[in-house]
Structures are given as structure tokens and as C-alpha cells.
Amino acid sequence: CVAGHGDYVPFNEKQLKALILQCCVWMRLYPRITVDRVIGHREVDEHGGPNPFKTCPGSLIDMDHIRDLVAHRLETVA
């Protein structure tokens, strides 16, 4: 969870760094979580869940970019 409203303001550098790090921690603890499973609430229905009727993490947040950052960190940090 990242506090804020991504429809109005994108994540700041500190939020983004913490989010990427936490995703990597969970992915190392739970190997069945893959980068393609790092999703925002707004993407739940695309992955078999009910439509949440939400935009979170927000329209200014590019989830593909988040997934790319997570993948890059997993590749470069042991």
C-alpha cells in the first residue's frame, strides 16, 4: 500500500523505492509471485478477480513501469 492519490500526484521517489523494495521482498519469500502478478487494484479484473471500480493506484501511475522496475531490481540485487 502506498499512501496518496495517484489520480492527482504520482508516487514520489521515496514511495516508489519503498514499493519496489517491498514487492521484491515478497517475491523472494513467495516464489510463486511473479512480476506479472504485481498489479494495481484497477487491474484485478484483468487477472480473474471482480471489477473493483477503482483507478488505484491512480491514473498517473504506470503499472508497467512499476513491473519493469521490480524486474530490474530482482535481476540486479541478490
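Helix 1 contributes the most to the lining of the second largest pocket, with five residues. Helices here are DSSP runs (H or I, at least four residues), numbered from the N terminus. A pocket is an open set of points on a 1 Å grid over the protein atoms alone, where a 1.4 Å probe fits, with protein on both sides within 12 Å along at least five of seven lines; lining residues have an atom within 4 Å of a point. The model is predicted: local features need pLDDT of at least 70, side-chain atom pairs count only at pLDDT 80 or more, and totals for chains, interfaces and linings use all residues. Residues are numbered from 1 along each chain as its sequence is written, and side-chain values use heavy atoms, with hydrogens and water left out.

The second largest pocket has a volume of about 190 Å³. A volume is the space filled by probe spheres set on the grid points, which are joined across faces, edges and corners. Glu13, Leu16, Lys17, Ile20, Leu21, Leu69, His72 and Arg73 form the lining. Ala, Val, Leu, Ile, Met, Phe, Trp, Tyr, Cys and Pro count as nonpolar, Asp, Glu, Lys and Arg as charged, and the others, Gly among them, as polar.

The largest pocket holds about 590 Å³ of space. Its lining comprises 24 residues, of which Cys1, Val2, Leu19, Ile39 and Gly40 lie nearest the centre. Again helix 1 gives the most, with seven residues. Helix 1 and helix 2 each provide at least two residues of this lining. The classes are 16 nonpolar, seven polar and one charged.

The two helices also meet directly. The axes of helix 1 (residues 13–29) and helix 2 (residues 63–76) come within 9 Å and cross at roughly 60°. Helix 1 is therefore oblique to helix 2. On the helix 1 side, the contact is made by Leu16, Leu19, Ile20, Leu21, Cys23, Cys24, Met27 and Arg28. Helix 2 brings Ile66, Leu69, Val70, Arg73 and Leu74. Contact means heavy atoms within 4.5 Å. The contact residues divide into eleven nonpolar, no polar and two charged.

The loop between helix 1 and helix 2 holds two backbone exceptions. Most residues other than glycine have a negative phi, and most peptide bonds are trans. Phenylalanine 53, in this loop, has a positive phi near 50°. Proline 57 also lies in the loop between helix 1 and helix 2. A cis peptide bond joins cysteine 56 to proline 57, with omega about 15°.

Conventions: Axes are lines fitted to C-alpha atoms, for helices over the stretch in contact, and angles run from 0 to 180 degrees between N-to-C directions. Angles under 35 degrees count as roughly parallel, over 145 as roughly antiparallel, 65 to 115 as roughly perpendicular and the rest as oblique.
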